[in-house]
There are 2 protein chains.
Amino acid sequence: MSSRAKVHVTLKNGVLDPQGKAIEGALGSLGFEGVAGVRQGKFIEIEVAENDPERARDQVDAMCRQLLANTVIENYRIDIED
Amino acid sequence: MSSRAKVHVTLKNGVLDPQGKAIEGALGSLGFEGVAGVRQGKFIEIEVAENDPERARDQVDAMCRQLLANTVIENYRIDIED
């Protein structure tokens, strides 16, 4: 059995987001009006061979801190599904 | 007033995901065992100047089809918050 973790990695407030700004500009060029802001983050799905949701979360938390997120400028959120 | 849309863009099943594979390899190198699969997608938050959730969803759906997602290889999901 295994668990599936869904991880959202997003830029912290106040950190410049050039990708988001590029999307915002492109949407304006395409004629979309009223776009007040765009922020782009990452969405990562990880399948781990661990039944216990708490232990799965701990493992994925360690992965986020060591590899997936730059905690100086990014936040992350982990959701575990059985 | 405005609405905030949360958009997930993910690769369709069967589409190769080199970024996900790279993460999987890196997690293995870091000593994480039992990682059975990693898929990486995008997470985009958009603030639109539109009160009505249905109209906001329609707008963001058009943005996804025209810019944010490559619907040949990617799926997208839209969640609207007031």
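**Close-up 1. Strand 2 of chain A meets strand 2 of chain B.** In this predicted model, the two strands run antiparallel to one another and are joined over 13 bridges. The partner strand covers residues 35-48 of chain B. For a handy place to start looking, find A:Val38, which stands opposite B:Ile46 in strand 2 of chain B.

**Close-up 2. The side of chain A that touches chain B draws on several elements.** Strand 1 (3-11), helix 1 (18-29), strand 2 (35-48) and helix 2 (53-68) of chain A each give two or more residues to this side. Strand 2 gives the most, with 14 residues. Sorted by class, the side of chain A that touches chain B holds 17 nonpolar, eight polar and five charged residues.

**Close-up 3. The area buried between chain A and chain B.** The size of an interface is often given as the accessible area lost when the parts come together. Here chain A and chain B bury about 2,500 Å² between them, and carbon and sulfur atoms account for 67% of that area. Look out for A:Phe32, A:Phe43 and A:Leu67: this trio supplies 21% of the area that chain A buries against chain B, more than any other three residues. The contact itself takes 30 residues from chain A and 30 residues from chain B.

Close-up 4. Which kinds of polar pairing turn up here? Between chain A and chain B, 11 residue pairs are in polar contact, with both residues at pLDDT 80 or more. Salt bridges across this interface number zero.

Key
Residues are numbered from 1 along each chain as its sequence is written. Chains are lettered from A and ligands numbered from 1 in the order in which they are written. This is a predicted model: local features need pLDDT of at least 70, side-chain atom pairs count only at pLDDT 80 or more; totals for chains, interfaces and linings use all residues. Side-chain values use heavy atoms; hydrogens and water are left out. Contact means heavy atoms within 4.5 Å. Buried area is the accessible area (1.4 Å probe) that two parts lose on being put together, summed over both. A salt bridge is a side-chain nitrogen of Lys or Arg within 4 Å of a carboxyl oxygen of Asp or Glu. A polar contact is a pair of N or O atoms within 3.5 Å; within protein, one must be able to donate a hydrogen and the other to accept it, and residues adjacent in sequence count only if both atoms are side-chain atoms. Helices (H or I, at least four residues) and strands (E, at least two) are DSSP runs, numbered from the N terminus. Ala, Val, Leu, Ile, Met, Phe, Trp, Tyr, Cys and Pro count as nonpolar, Asp, Glu, Lys and Arg as charged, and the others, Gly among them, as polar. Two strands pair if DSSP finds at least two bridges between them.
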